[in-house]
Amino acid sequence: MSDSAIDQLFSTMGSATTPEAASELLWQHYGLRGRASVLNSERDQNFHIHGDDGEQYVLKLTHPAEARGVTDFQTRALLHAASRDPALPIPRVIPRLDGAPYAAITLADGTQRVLRLFSYLGGQPLHQITRSAAQRRDLGATLARLDLALSDFAHPSADHALLWDIQHSERLQPLLAELPPGPQTATLAAFVEHFQREIQPALAGLRRQVIHNDLNPYNVLVDPQDQITTSGLIDFGDMVQAPLINELAVACSYQLSGNANPLDTAAELIAGYHQRCPLRREEVLLLYELILTRLCMTVTITGWRASRYPENKTYILRNNGLSWDGLQRLQAVGRDAAQAFLLQVCGMKGQA
């Protein structure tokens with residue numbers, strides 16, 4: 001991915017669409033009346049719709065730089081997963097009046113977008129509630145269900161270039177070159193070199209499929225009553241075809257504890273996933289360093305973007321500090337000890 005392509009992904013969208021204009025689009029394309037309010041987003045423009053029909057929706061206008069094939073890929077993946085597992089707590093694609101899953105439109109400022117409407121999932125965001133072992137196990141099992149539903153999904157744009165793609169972490173290098181020199185940047189740069197030399201070659205032999213690729217606490221909704229059951233997996237904007245184990249690496253990077261072994265809480269999510277979608281030994285052996293890679297990625301990308309877009313700095317850096325802390329503490333565990341622990345979690349201790 002070139003420097004210009006990286007920058008384009010986070011460039012300005014043009015003039016913002018107003019809630020009033022969003023409500024008009026809702027009527028024009030879906031025959032629905034409702035009140036629109038702005039939802040925070042990194043790339044797209046999203047609106048929360050309170051429909052006059054008593055239902056709630058999310059109206060999404062894609063970033064003009066997003067390739068049409070990528071938008072189609074994300075949309076078809078949601079449709080596919082819902083058809084394979086109808087009870088999955090994921091947004092449902094609401095068809096337009098003509099039955100199409102989305103519409104290519106030109107806004108008043110001349111920018112071209114894709115308009116989509118999704119069901120609105122209720123629940124409490126995971127980052128707002130107290131964590132528990134039962135909650136993590138349920139989340140792991142739900143994530144496994146999603147990956148099983150996507151296991152046979154294919155699309156021409158599934159291999160699109162994505163900065164947040166662990167398997168191509170060498171794309172972090174031009175960003176690292178722009179960060180201020182110092183111990184943190186040096187640590188990040190050294191790990192990216194280690195990734196290219198030691199980790200990336202080992203990924204080639206692993207099973208691959210389309211994955212969600214962004215299971216952070218802001219993208220998970222939990223039942224507000226029991227605070228255990230996963231009621232929603234949202235934001236499928238970082239989907240990509242990749243080694244399946246990368247899915248868990250991303251999710252685990254947000255489930256580390258402050259204990260001597262930061263993996264002890266992530267292990268509960270892994271166990272829930274493994275019970276539904278059994279992992280392979282070669283995948284488990286790479287998981288520790290893939291979690292480290294994701295943490296390195298989060299610190300690098302968010303630090304770079306915050307320096308370029310200071311007006312959105314608070315939102316961009318919401319996971320930066322925790323990721324840097326997690327990276328340091330996880331490195332202190334060491335690969336051998338971490339691998340032995342993760343093998344034990346998956347019931348593989350002692351296997352040759």
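Thr75 is buried, with a relative accessible area of 0%. The residue belongs to helix 3. Beyond its neighbours within four places in sequence, Thr75 is in contact with Val93, Pro101, Tyr102 and Arg116. The model is predicted. Its pLDDT averages 93 over the protein, and 95% of the residues score at least 70. The stretch of residues 1-13 has a pLDDT below 50. Even so, this stretch has 35 contacts in the model beyond near neighbours in sequence.

Tyr57 lies in strand 3. Its contacts, leaving out residues up to four places away in sequence, fall on both sides of it along the chain. Leu32, Phe47, His48 and Ile49 are among them. Ile94, Leu117, Phe118, Ser119 and Tyr120 are touched as well. Phe118 is 61 residues from Tyr57 along the chain, yet their C-alpha atoms are separated by 5.6 Å.

The largest pocket has a volume of about 1100 Å³. Two or more lining residues come from each of strand 3 (56-61), helix 3 (68-84), strand 5 (112-119), helix 9 (281-308) and helix 10 (313-316). The lining comprises 42 residues. Nearest the pocket centre lie Asn40, Tyr218, Asn219, Ile234 and Asp235. By residue class, the lining divides into 16 nonpolar, 14 polar and twelve charged residues.

Helix 12 spans residues 335-345. Within this helix, Ala338, Gln339, Leu342 and Leu343 are buried. Viewed down the helix axis, the buried residues fall within an arc of 130 degrees, so they line one face of helix 12. These buried residues pack against three helices: helix 8 (263-276), helix 9 and helix 11 (320-333). After helix 12 comes Gly347. The phi of Gly347 is positive, near 70 degrees.

Conventions:
Residues numbered from 1 in each chain as written. Predicted model: local features only at pLDDT ≥ 70, side-chain atom pairs only at ≥ 80, totals over all residues. Heavy atoms only, no water. 1 Å grid on protein atoms, 1.4 Å probe; cavity = no way out; pocket = protein on both sides within 12 Å on 5 of 7 lines; lining within 4 Å. Points joined across faces, edges and corners; volume = space filled by probe spheres on them. Helix = DSSP H or I, 4+ residues; strand = E, 2+ residues; numbered from the N terminus. Nonpolar A, V, L, I, M, F, W, Y, C, P; charged D, E, K, R; others polar. Buried < 20%, exposed > 50% of the residue type's maximum accessible area, 1.4 Å probe, protein only. Arc of directions from axis to C-beta. Contact = heavy atoms within 4.5 Å. pLDDT = per-residue confidence, 0-100.
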